[in-house]
Amino acid sequence: MYEEGSNQMSNLHIDIYAGLLDRLLQKAAAARVYLIARLQRAEVRSVTVTNGKTESISTGLGQGLGLQVFTESGHTAFAATDILTEGAALTALETAVKSARAAAGAGLEANRAVFNVSPISARVIPPTRYAIDELSLAELQQQVETINRDVLALNSELKARTSCTIEREEWHIVRSDGASVAYLLPRCYCYNVVTARRDEQVHTVSSSLSGSSYEVVLDAERRAVLLGRARRAADLAVALLDAPDYPAGSYDLVLDYALAKGLAHEAFGHAAEADGLRSSILGDDQGRFRTGAVVAAPIVSIIDESIEGDHAYQPFSPNGVPRTRATIIDHGVLREALADVFSADAAGVRVIDAARAQSYARPAVPRMTNIRIEVDDPLPLPRAVPFEEQTPEDVRQALLTAGLLREGRPVIYLSGYKGGQVNPARGDFVFNCAALYELTTEGVRLFQPAIFSGRTLAALKAIKAGFGPLQLDSMGFCGKMGQSVPSSGGSHFFLFLEANPQVVIGGR
Amino acid sequence: MSYLDDLQAAIAAHPDVADYRITLNERRGVSIGIKDNQVGNVYNPFTFSAVTSGSFLIQWRDGRLSRGSLDGSSLEQIGPILEVARQAAYEDPDAAVFLGPQRVTTVPLFSTETASLIDERPGDLLHVIELLQQQARRIGSTILSGSVGASISRRMVRTSRGLNLVEDTTSFGYSYYFDGILGDGFLSRAPVSLEEIEQQTQRTGAFFAALKRPGRSGMSGQLQLILHPNVAYQLVDFFILGNLQGSLVYHGQSAFSRAAFQEGQRVLREDLTLAVDPLVQMGPGSYAFTGEGVPAAPATYIGRGRLEQPILDLKYARKMGLPPSSPPSNAYTVNFFSQRHMPDWEEFLPQIDEAILVLSLLGLNTQERSSGMFSLTGPQALYIRDGAVIGHSKATFRGSFFEALRSEELQLIRFAGQHSPGLSMQAHVTLEQRDEV
């Protein structure tokens, strides 16, 4: 798929602006500045159905140009416009050039790393099962209404909102060194939000499925997974109406793969982003990554990489550099930061290139794509069935078999990720789950969800085992510096964490 | 002919269009930041943007509706945009409201000084960064991140029924974060003086300095919990304003039912009022009309503890048979106050026996909005004993926000330099077993 140096002209709408990009490069050369020009076109279609009725159908089509210029000294400025005429683009370039020179005059921060990047020419258009026009919006509306009705039929106590969004994001990046990289980011995701209500008790549980096109709603197998997840969410929302609270404290824990993704992403991935290492627990005072530090058990690795077909797919950075795999933790030891062209040197690590941007209108910053926790020699589950069919009883049986569930020492199984937040400077994290199960040698009991909070490094060191195969499709959106980009990841179906006083469950 | 004129003409010329509304925002801005002590680095350089954003609502001749987004290049693609929009049409009769000419109350929201910062003196923004650096050094912060920016916007709404509204505004904002643990941010219409920025950073700096000292650790139980205004507003926004949204109320997904509004149910203590005022002169969140062209007007959503009206756009106003209302645009438009005495922090502090003051919050995005229950972490909190700030504690706290706002123990506290009040309440608090900063 990655055709380095290829002249193949696969269809991208923004190809019509190739001449404009050439003109900008010529002007930048004449002004004796280095230019990274980013052209983006984003097309989105979305249908939302609430309680059987279409709530909204929206479409969006936006495009624009971001220009980051560097003086010979490495001083930089950025300008953006959404008017793709030569006049508007050249005005933006002039503004950026003038500002970069002003930045040099003012002695602001300089960074010449881009001058050392090798130029490539590449075009990546990943295969998608369905084109964005494969379904008319009326047909998509019909599909989403059917899914919503199927979810409502799961339980008469439920309210349900179903939403499906398809996006097609095109990028073309050119640089003054001759690099020209164009790529397509196709995404489609569908989610169901179910609410159960009885008197003053209200519980909302969501589930989602992502892919690169309409297969998430059209293909029988994918649709079954989507509805299977919705069924779990619906059952849970109703069951939680009668569930008591669980006492706060530190316990042996089991996290499902979605919560494990939350742990990897929020608690660890952000701390490994190389633009902020001076204020990260994984960096030192000079902003260098603490490569070689032991931060987890020897069985634990954390890896971030772009995966074709994934919600967070990102084959190249907005700097026009291929995105490569980052083994952040290699068997317990810190190895690689999420570094981009500009931060790698200061961090003392190699270029991943981890930069991403939500929009042409903002500078790119280091971000995760698909991040996962891998554990050596994962333990088996009693039933070799998909994750959606694994029950709390399956988890309990697996723990009993592994000798990790003992008389008088309950294990708390946290299921479903409901978001999280972290402060990388201190390594404080907070997540919430959709449900909390107490697993004992006697059986399983459901309790109200509770926050899972603590210290990043303590949580990592507490990971002692994984169960089942890897599942990496926990999707979300990640916000940083005012930019939101798709994120995803996962782990083995389940992770086991030993009790640690710096990792606590909230609750009663 | 302006860009909007051309867009309007193109939409109006479509033979199937019966009615339409176009909302457009043309914005130009400049900003610069400091990240981990690096001023204007590759992630926070001088950034100039000139971007148009907006949306349209079209009712076709068959009665169906389409929605879509607009930007600065929409005109050149208006054919395909309308084609896709036509395909995307759906039945939503309650949303088909297209206002005619409206009388709006205008308040000044434009500063020529802010405009000149963008066009003539962007370098002056560096004075703010320099001041932040000085302040960071003064309070012993070794790593500073922050930003400063200015923008000028023209917001326009037009409809096929003759509505034609224009509003010119400016915005100036700055934010700072000391050592990655504590910060603040402020907005205004006109640039603020360096003295005012210095005062604000000194207020943050006083709390930052106190965080360097150890507080109490390793306790768990009922405790007086004081939420700094920044934290308190986050909870008010999430649990109260969030549940006032008309669409959630209508669909039964809010903590407050339609019947509760009809009955004027008391949901907060009888002295508490939550109102929105979008018509404050030079108010950082003020506006003259909504994106749908509804004239802005002060609105009380909860008056003396009782539900008065949900936050309603045109669609849900029609569905619920009520007039549309002015939504909050940011914290500066929200007035949450008590009829009882609201002491200043300096007056309140000496009266405290034992409490925890939460300065920053983690985890609000993980909470269940409609339940009102919270279980949160305050990584930067100050332990207070006998009227004196002792030092840093990390607190986890939980309870019911609705119950707290009905409790007699609740107090609203004024903090200097903050628009929103702080809140003092009782909650179950756990202080982490660790006394280091």
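Visitor: How many of the residues of chain A, as a percentage, score at least 70 in pLDDT?

Guide: This is a predicted model, and the predictor gives the complex an ipTM of 0.90 and a pTM of 0.91. Chain B has a mean pLDDT of 95, with 99% of its residues at 70 or more. For chain A the average pLDDT is 93, and the share of residues scoring at least 70 is 98%.

Visitor: Over which residues of chain A is the pLDDT below 50?

Guide: The average pLDDT of chain A is 93, but one stretch falls below 50. Beyond near neighbours in sequence, that stretch has 16 contacts in the model. The stretch is residues 1–9 of chain A.

Visitor: Which element gives the largest share of the side of domain 1 of chain A that touches domain 2 of chain A?

Guide: The domain assignment divides chain A into domain 1 (13–242) and domain 2 (252–505), with 23 Å between their centres, taken over C-alpha atoms. In the contact between them, 37 residues of domain 1 meet 28 residues of domain 2. The domain 1 side comprises 22 nonpolar, ten polar and five charged residues. Its largest share, six residues, comes from helix H5(A).

Visitor: How many nonpolar residues has the side of domain 1 of chain B that touches domain 2 of chain B?

Guide: In chain B the assignment gives domain 1 (3–207) and domain 2 (213–437), whose centres, taken over C-alpha atoms, are 26 Å apart. Contact involves 30 residues of domain 1 of chain B and 26 residues of domain 2 of chain B. Among the elements that give two or more residues to the domain 1 side are strand E5 (144–159) and helix H5 (194–211) of chain B. By class, this side has eight polar and seven charged residues, and its nonpolar residues number 15.

Visitor: Which element gives the largest share of the side of chain B that touches chain A?

Guide: Between the chains, 57 residues of chain B are in contact with 67 residues of chain A. The chain B side has 19 nonpolar, 29 polar and nine charged residues. Elements giving two or more residues to this side include helix H2 (78–87) and strand E14 (373–385) of chain B. The largest share, seven residues, is that of strand E3(B).

Visitor: Which residue of E3(B) stands opposite A:Thr81?

Guide: Strand E3 (residues 76–81) of chain A is joined to E3(B) by five bridges. These two strands run parallel. Opposite A:Thr81 stands B:Ala50.

Visitor: Is B:Leu144 buried or exposed?

Guide: B:Leu144 lies in strand E5 of chain B. Not counting residues up to four places away in sequence, B:Leu144 touches several residues, including B:Ile34, B:Tyr176 and B:Phe178. A residue counts as buried with 20 or more other C-beta atoms within 10 Å. B:Leu144 has 24 such atoms, so this residue is buried.

Visitor: Which residue of E14(A) is the bridge partner of A:Ile303?

Guide: Five of the six residues of strand E9 (residues 300–305) of chain A are buried, so the strand is largely enclosed by the rest of the structure. E9(A) pairs in the antiparallel sense with strand E10 (residues 326–330) of chain A over three bridges. Six bridges join E9(A) to strand E14 (residues 370–375) of chain A, also antiparallel. In E14(A), the partner of A:Ile303 is A:Arg372.

Visitor: Which are the edge strands of the open sheet of four strands in chain B?

Guide: The order of this sheet is E11-E10-E9-E12, with antiparallel pairing. Within the sheet, strands E9 (residues 272–276) and E10 (residues 299–303) of chain B are joined by three bridges, and B:Val276 stands opposite B:Ala299. An edge strand pairs on one side only, and here the edge strands are E11 (306–307) and E12 (334–338) of chain B.

Conventions
Residues are numbered from 1 along each chain as its sequence is written. Chains are lettered from A and ligands numbered from 1 in the order in which they are written. This is a predicted model: local features need pLDDT of at least 70, side-chain atom pairs count only at pLDDT 80 or more; totals for chains, interfaces and linings use all residues. Two strands pair if DSSP finds at least two bridges between them. Domain bounds come from an automatic or database domain assignment. Two residues are in contact if their C-beta atoms, placed from the backbone, lie within 7 Å. Ala, Val, Leu, Ile, Met, Phe, Trp, Tyr, Cys and Pro count as nonpolar, Asp, Glu, Lys and Arg as charged, and the others, Gly among them, as polar. A residue is buried if 20 or more other C-beta atoms lie within 10 Å of its own, exposed if 12 or fewer, and partly exposed in between; C-beta atoms are placed from the backbone. pLDDT is the predictor's confidence in each residue, from 0 to 100.
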